[in-house]
Structure formats: C-alpha cells, structure tokens
Amino acid sequence: MVTADARGTVAFIHLGAVAANVKLFLDKLTPGTELMAVVKADAYGHGAVPVAKTALAAGATWLGVAAAEEGRALRSEGIDAPILILGASNSEQVRLAVQDHLDLTVFEPLAWNSICYWASALNETVRVHLKVDTGMGRLGVHPDSVVGEWSQKLSDPRVVFQGLMSHLATSDLDSAYTAQQLEIFLDVIEAVRQHQGSLPPTIHLANSAAALRFPGTHFNLVRVGIGLYGAGPYPKAPRLAPVMQITAPVTMVKRVPPHTAIGYGKTYETTSWSTVATLGIGYADGYRRAFSNRASVLLHGRRCLVAGRVSMDQTTLVVPDDVAVSVGDSVVLLGSDGDDQITADDWAQWADTISYEIFTGISGRIPRRYIENVDKGKKSGPMEL
Ligand SMILES: *Cc1c(COP(=O)(O)O)cnc(C)c1O
C-alpha cells in the first residue's frame, strides 16, 4: 500500500509544546484546581497515549475520553491516573469501564441501571460523575432533578458519587450566558450541600476557554482539550505553543506559460509565466478541499498560494518567481518556518470551521512523528526542528 509516509508527508507532534501548554494552564488556575487533559478522539488527532503521558508528567492529574474503548487503550499502556468517560456508555461499555476503573458520566436512567448491574456483577464500586444540563441542551439531567431523584440513586452503595459536573456552551464567546450557566450550577451545588451535608470530591465545569477566562468556573478541576494542542480556545487567547506541524516534500516543479489551467475544474489559470509545484497531500489526508485557491503554505519561509483545486492526494502551489524550488524541498503546511507561521486557526478560517474539526480531520494516512522536548534550555522553540 502506498502510504503518505512513502510520499514523505508527515505530522510532527511536539510533546514539549503539550507540556508547556499544561504548565501555562496550571499557572492560571485557582490554587487547588486540578487539570484534566482531554484526550478524546485520539487527543484531537495528536495521539492519545503520548499526549496523555506527556500531560500527566507535566502536572495534569486527570484524563478525559469520549468512550470506554478510549479509556481502555490508555489503561493498556499502563496509565493509572483517573480517567473520566465524558460521553454516553452502553451496557457493554459500562462493563469495560467498571473493569478498567474508568469514571463514568451519568445523566440518564437507563445507563444508570447498567452501572448498578455491572457493579454488582463484577463486585466493584463504580465512580460516577453526575452531569447537570445548565444550558448546553445536550447531555445532562435537569437541575431540579439532582436533589431528590438523582441524589437518591447516587446513595447506592455500589457507586461512589465522585463528581458533579456541567458543560458550558459559550465560554469562548458570550460571558453573560456563561454567567447564567454558572449561577444555575452554583445553585445545584448549594442544594446538594444542604441535602447531603457534603459535596462530591470533584466539582467541574470549565473547558479550555473558561479555564483561561473565568476563574469562577474553576472549582477543583478544569477539563482542558483544545488549549493543550496549542490552538486558541477563543479569539485573543494567551499564546499557546502549537503542537502539530505538517510538512510535505515537493513532488514536481514546472514552469508554465500564461493561461495555463491548474487542476480539476480549471479553477485557476496563470496570468504570466509561473512556477507550479505539486505536493503529496490532499483532502483524503485532511487537507481540505475548501482550501482550494484560499490557503497558503510556507516554502523556504515564504508564502505560496494553493492554486487550483485541492484533490484527494495532491495539492498544487504557485511559487513566487524569486523563490528557488526543487523536487524534494520541504513545505510547511501547518506550523512555522522562518518568521512566519500557519496555525490550525488559519486552516479553520480557510475552511469556515473550527480548529477542533481541523485537528480531528487529519487522517490516519499522515504518519505522526513524536518529538520529545530534547532542548529544555533554549527558547522553548516547540516548532524548531
Ligand atoms: C471535549 C470536552 C472538553 C474540552 O473542551 P475544549 O474546548 O477542547 O477545552 C471539556 N468538557 C467536555 C465535557 C468535553 O466533551
């Protein structure tokens, strides 16, 4: 099989940048607040195991995954930190979670029944986090059902009521709505305190944006995803260290006359004598078709426009006349080269989406190469190779 590896297209994952980002968040947290590294979806495409190990070594104390299988993959690598499954679990997944000592999020009665069933069957106590819908409108129990209906269920000896949590819908945008969600969450916390005389040990609400913007949402744990990977959780966020860098070698160079059509649909036509270079990366790799005639890349530190349609496996560039280019030259599609930098947020803008979708869309065809932070002394330089 011809892989992207054979084409030389690579995603370098700078683990030192993950560690730097964890430390930046820890510096900004209210003392006593812990950090959950959210490594769902294979750490947003960066590789769950190396990212999880790096984040834990840098001071994170929890891991967050989407499903039991993701948690199991971490446990099988010897990771014994607490792991919370953030999403829904069917009965089979609850069984896996109980066996692997993964914490479960609970928000509806059917899953609750399988938690009790598997706790009995496997003779284990299961740690659960009750999720309250304070305004996200997705997973979560109604705030009014926490005391009474759910506190009753959670007093079952087969479970440990470990956490009370909610999720913010607009922490990157709308602070008034965030304040409203926080207020509802605080009311729930107070009601539980009065009803039980104590609180579950872990109270958590904040994602990356809230962790940086709203200290009032910290409680004793924040759940950080996108910020770990160095993309901005909200416009004008503090500078984080980009983790992923994608490069591809030039596979062909040609000099073409004016009025030469480039690529499918003839969407680009040269206006003068031009140098056209081809790269072995395309939309099957996650280099989006929406980038056609919009994106730019860095060749020897200089911007080159993506000219014509991005195709499945290939992309074409127009190279400025004063830039020398040869087959085999390395082009930076994501990351820095010289003084210039292309970020996941740039990609997101070109494709009219968010960095989360960009990262998770980098396909498995692009091999990930892990770079440890060998050089601790010098100006951190996560993008220096
Ligand atoms: C994915 C996720 C997060 C992380 O959000 P970021 O915006 O990436 O920091 C936090 N909490 C829950 C419940 C999630 O599903």
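Predicted model: local features only at pLDDT ≥ 70, side-chain atom pairs only at ≥ 80, totals over all residues.
1. Residues are numbered from 1 along each chain as its sequence is written, and side-chain values use heavy atoms, with hydrogens and water left out.

2. Returning to the ligand, an N or O atom in the side chain of Arg223 is 2.8 Å from a ligand nitrogen atom, whereas Gly225 uses a backbone N or O atom, which lies 2.9 Å from an oxygen atom of the ligand. Helix 3 (40-45) and strand 9 (221-224) are the elements that give two or more residues to the shell around the ligand. That shell holds 13 residues, of which the closest are Lys40, Tyr44, Ser208, Ile226 and Tyr356; a residue is near a molecule or strand if one of its heavy atoms lies within 4 Å of it.

3. The protein chain as a whole has 12 helices and 19 strands, where helices (H or I, at least four residues) and strands (E, at least two) are DSSP runs numbered from the N terminus. Its C-alpha atoms fill a box of roughly 80 × 45 × 45 Å along the principal axes. Of its 385 residues, 53% count as buried, and here buried means under 20% relative accessible area, exposed over 50%, and partly exposed in between (1.4 Å probe, protein chains only).

4. The chain is divided into domain 1 (32-228) and domain 2 (244-371), with bounds that come from an automatic or database domain assignment. The centres of the two domains, taken over C-alpha atoms, are 39 Å apart, and seven residues of domain 1 are in contact with seven residues of domain 2, contact meaning heavy atoms within 4.5 Å.

5. Which residues touch the most other members of the largest nonpolar core? Among the 119 residues of this core, they are Val39, Leu74, Leu164, Tyr287, Leu333 and Trp347. Helix 2 (residues 15-28) provides the largest share, six residues, and because domain 1 and domain 2 both give residues to the core, it lies between them. A nonpolar core is a set of buried Ala, Val, Leu, Ile, Met, Phe, Trp, Tyr and Cys residues joined through side-chain atoms within 4.5 Å. Leaving out residues up to four places away in sequence, Leu333 touches Ile246, Thr247, Ala248, Leu279, Ile281, Tyr287, Val297, Ile342 and Trp347.

6. The loop between strand 6 (126-131) and helix 8 holds Val141, and Met136 is found in that loop too. Val141 counts as buried, at 4% relative accessibility, whereas Met136, at 27%, counts as partly exposed. Setting aside neighbours within four places in sequence, Val141 is in contact with residues including Phe107, Leu130, Val146 and Trp150, and Met136 is in contact with His167, Leu168, Ala169 and Gln181.

7. Ser151 belongs to helix 8 (residues 146-153) and is buried, with a relative accessible area of 8%. Apart from neighbours within four places in sequence, Ser151 is in contact with Val146, His195 and Gln196.

8. Helix 6 (residues 91-99) has Gln93, Val94, Leu96, Ala97 and Val98 as its buried residues, and these pack against helix 5 (68-75), strand 4 (83-85), strand 5 (103-106), helix 7 (109-122) and strand 6. At the start of helix 6, a side-chain oxygen of Asn90 reaches to within 3.2 Å of the backbone nitrogen of Glu92, and the helix is followed by His101, whose phi is positive, near 55 degrees.

Definitions and conventions: Polar contact = N/O pair within 3.5 Å; in protein donor to acceptor, adjacent residues only side chain to side chain.
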